[in-house]
Amino acid sequence: MKTGAERAIATVPRWILVLLAVALCLQIALQALRPGPSARAEALGDPAPVAVLRPLALGEPIALAQLLTLYLQAFDNQPGVSIPFLELDYARVIAWLDTVLELDPIGQYPLMMASQIYGPVPDEAKQRQMCAFVRRQFERDPDRRWRWLAHCAIMAKHRLHDMRLALDYAEAITVHARHASGWARQMRIFILEDLGEREAATVLLGGLLDSGEVTEPKEIHFLTERLEKLRAAGKSSAPSGNRHPQQ
């Protein structure tokens with residue numbers, strides 16, 4: 001039942017109804033045009049100095065290193081926004097990776113992140129930054145870190161198309177990482193072959209087989225076949241001497 005204070009809508013003046021309709025339409029339009037809440041990406045800051053972090057670790061530097069790694073790894077996913085790796089400041093990313101390795105020198109994860117997560121971005125300068133970081137860290141502990149430099153050698157060859165850089169990395173593994181896997185220590189031979197330097201590749205491969213360093217029969221068989229192909233290719237490409245016609 002209607003109370004005495006209620007009025008039928010038919011009794012409301014038409015101009016008031018029109019005004020209410022216009023106000024409602026304006027309210028809807030304003031809500032539609034208002035930009036939605038936007039999340040702004042926070043810039044990656046510099047890590048704290050290691051001299052400050054060590055006391056904060058309370059005798060557990062490896063645990064702190066893992067926390068810093070998790071922070072860095074999750075930094076590209078901020079509330080309401082996802083940051084492509086390409087847009088990160090790689091100088092600061094490297095500073096964080098350096099810091100983590102200072103706290104945990106045996107850890108491998110920062111080098112994996114550099115070579116396989118941050119390295120493959122479609123930006124040559126940033127790819128080279130990450131490869132240079134891995135090379136610098138490799139020199140501090142070659143026998144533990146050779147596999148990441150091997151990955152960078154592959155990146156230099158197939159992504160950067162810089163065969164000389166790939167050869168430099170491969171040679172560093174051969175010279176300094178005495179405990180590296182055979183395939184990594186042999187990489188420079190095949191890169192030399194790709195560069196067209198068959199004679200150097202033949203000498204290195206022959207020396208490797210003669211040294212007795214390779215003991216796996218299948219690997220010896222594979223390398224022997226490769227050496228024979230290199231020698232055959234060298235003979236076929238050698239210029240034949242000019243023969244004087246007989247008088």
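Residues are numbered from 1 along each chain as its sequence is written. The model is predicted, so local features need pLDDT of at least 70 and side-chain atom pairs pLDDT 80 or more, while totals for chains, interfaces and linings use all residues, and side-chain values use heavy atoms, without hydrogens and water.

Start with confidence. The protein has a mean pLDDT (the predictor's confidence in each residue, from 0 to 100) of 82. Of its residues, 77% reach 70 or more. Among the elements, helix α6 (residues 124–140) has the highest mean, 97. Strand β2 (residues 81–82) has the lowest, 63. Helices (H or I, at least four residues) and strands (E, at least two) are DSSP runs, numbered from the N terminus.

Now find helix α8 (residues 163–176) and helix α10 (residues 187–194). Their axes come within 8 Å and cross at roughly 155 degrees. Axes are lines fitted to C-alpha atoms, for helices over the stretch in contact, and angles run from 0 to 180 degrees between N-to-C directions. That makes α8 roughly antiparallel to α10; angles over 145 degrees count as roughly antiparallel, and those under 35 as roughly parallel. In contact (heavy atoms within 4.5 Å), the α8 residues include Met-163 and Leu-167, and the α10 residues include Ile-191 and Leu-192.

Turn to helix α3 (residues 61–74) and helix α5 (residues 109–118). They pack at about 15 degrees, with axes 11 Å apart. The two are therefore roughly parallel. Thr-69, Leu-72 and Gln-73 of α3 meet Tyr-109, Met-113 and Tyr-118 of α5.

Note on methods. Angles under 35 degrees count as roughly parallel, over 145 as roughly antiparallel, 65 to 115 as roughly perpendicular and the rest as oblique.
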